[in-house]
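Work through the exercises below with the sequence and the structure at hand. Try each task before you read its solution.

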Amino acid sequence: MFPRHDGPGAQRTGAARFAVVGNPENRRVALFDRAVRAAGLPAPRVVPWAHVLRTGGTGFAADELVRLDSPGENADVDRLLRGAEDPTRVEGSGRWYASLMSAVRGLRGGIRLDDPDELAVLFDKRRCHAALAGADVPVPDSPTSGTDAAPVRGWADVRALMREHRMPRLFVKPAHGSSASGVLAIETAGGGRIRATTSVELAPDGRLFNSLRVRRYHDERQIAAVVDTLAPDGLHLERWLPKASQRGRAADLRIVVVAGKATHAVVRTAASPLTNLHLGGRRGDLDAARAAVESAGARWTDVLGVCERAAACFPRTLCVGVDLLPAIGWGRVAVGEVNAFGDLLPRLTGLPGSGAEGLDTYAAQVAAALARHTLPHHSNDPRHSHHPHENETVTAHALV
C-alpha cells in the first residue's frame, strides 16, 4: 500500500513537490521535511501559518501536494488565532476555530491532503460526534451531538443535562479544544459530592490557564466558574465511559489512520482520566493491549477496523489520529476523538501488516500521498520551474 523509494540519496526525474503550511521552527515540520527528503524528493516548501493569517491566504502550484500541519506551539500564531497575549490562557477557542477555518479557506490551488470542509467538522467536537454516530461508529452518549442540539450556556445547563440524561459522570470539553485544554472529567456522588479532574488552573481573578499539572476541584462553585467561563466558546458533553486499565493505570489508544488504513498505534496510560502524554501520561504496552483484547474474545483487527471506520467519515483527509477508548475488560471500544493533527508519534514505526512497517507516521503519509496522486513530470518544462504568485512574500524554509 505504501510504496518504497530509493532512500535519501535517490535522484528522481520530475519529482513530486510537497508544500506544508506550518510553523517553520516546529518539530512537526522538521519531521515531515525529513520524511520527504528520505523519499528522494526535494525539500517541501514551507509556508508559515503566521504569513497565511496575516495576509489572508496563499497560493500553490497546481502540482504541489499541500499538507497542513498544526498551528500550535507558536505564541505569535496563537495570538493571531485567539487574540490572547498569553498563550497559556484557555479561553478563546471559539475565535481560534473561526480564525483557523478562515485561513484554511484562504489557501488556493495545489493538491490538498487536508479537506477544508472536513477540517471544519474535525475541529468541532459536536459535529464530529454526530458524523461518527451517523456512520454507526461507537461513541460515548452525548446530549450535545450535532448542530441541532441546544447550546450549553453554562454550569446550570450542564447540571440540567446531567439530570435529564442520567449522566452522573461525564466529560465537559471545549467544542474546539485540543490537547485536553479546558477538558473537565466530572463525577458526582451522594450527599452532593462532586469532583472535577482537569488541567485547568483557575486564577483568583477568574482567568483560566493551561497547566501541565492535573488538578482536582471539589468545590462546585469553582467548577461552575470554570464551565461558565468556557461556555461562550462552545461546549460538548459526553458520558464518561469507564476505561480499561494496564498495570493499574487508566488506558486508551491513539491510532493513526493513513489513507484509510490503521498504520500506527500507541497505548497511553495515566493515573488520572486524562491520558495525554504532556500531562504525565505514559506510553503503555501495545502487545499487552492486543493480548487483552484477544483474551476478551474480541479481535484486534476489529479494533483497528473501528478506527478505520471513523477515518472513513473524512475520506478527503489523508491522515487522522483516532483516540480509542477500550472498555473495562478490553472487549469493547468507542471512539473518543478524531484528530486532524494526531500524527506526532516520533520514532514509532508502522504496525505489522499495515504496509507501513519501518515507516514513521510522516514517511507513511508521504508514501500514501504519492500513491494516491499521480503527478505529471514537469522537470524539463520551464513553465513549472516557479511557484505562482511570486509577488507574495512567503518565507520558504528548506530545513536541514
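**Exercise 1: the neighbours of a strand**

S1 and strand S3 (residues 58-68) form a parallel pair with five bridges. The model is a predicted one.

Task: Find which residue of S3 stands opposite Phe18. Then find which residue of S2 stands opposite Val21.

Solution: 
- Step 1. Turn to strand S2 (residues 45-48). S1 pairs with S2 in the parallel sense too, over four bridges.
- Step 2. Go to Val21. Val47 in S2 stands opposite.
- Step 3. Follow the chain from S1 to S2. The path runs through helix H1 (residues 27-38), and this β-α-β crossover is right-handed.

**Exercise 2: buried or exposed?**

Task: Decide whether the residues of strand S1 (residues 17-22) are buried or exposed.

Solution: 
- Step 1. Sort the residues. Arg17, Ala19 and Val21 point one way from S1, while Phe18, Val20 and Gly22 point the other way.
- Step 2. Apply the cut-off: buried means under 20% relative accessible area.
- Step 3. Conclude. Six of the six residues of S1 are buried, so S1 is largely enclosed by the rest of the structure.

**Exercise 3: two helices**

Task: Work out how helix H3 (residues 75-82) and helix H4 (residues 93-105) are oriented to each other.

Solution: 
- Step 1. Take the angle. H3 and H4 pack at about 95°, and their axes are 7 Å apart.
- Step 2. List the contact. Leu80, Leu81 and Arg82 in H3 meet Arg95, Trp96, Ser99 and Leu100 in H4.
- Step 3. Class the residues. This contact of H3 with H4 has four nonpolar, one polar and two charged residues.

Definitions and conventions: Residues are numbered from 1 along each chain as its sequence is written. This is a predicted model: local features need pLDDT of at least 70, side-chain atom pairs count only at pLDDT 80 or more; totals for chains, interfaces and linings use all residues. Side-chain values use heavy atoms; hydrogens and water are left out. Axes are lines fitted to C-alpha atoms, for helices over the stretch in contact, and angles run from 0 to 180 degrees between N-to-C directions. Contact means heavy atoms within 4.5 Å. Ala, Val, Leu, Ile, Met, Phe, Trp, Tyr, Cys and Pro count as nonpolar, Asp, Glu, Lys and Arg as charged, and the others, Gly among them, as polar. Buried means under 20% relative accessible area, exposed over 50%, partly exposed in between (1.4 Å probe, protein chains only). Two strands pair if DSSP finds at least two bridges between them. A crossover is right-handed if, with the strands pointing away from the viewer, the path from the first strand over the helix to the second runs clockwise.
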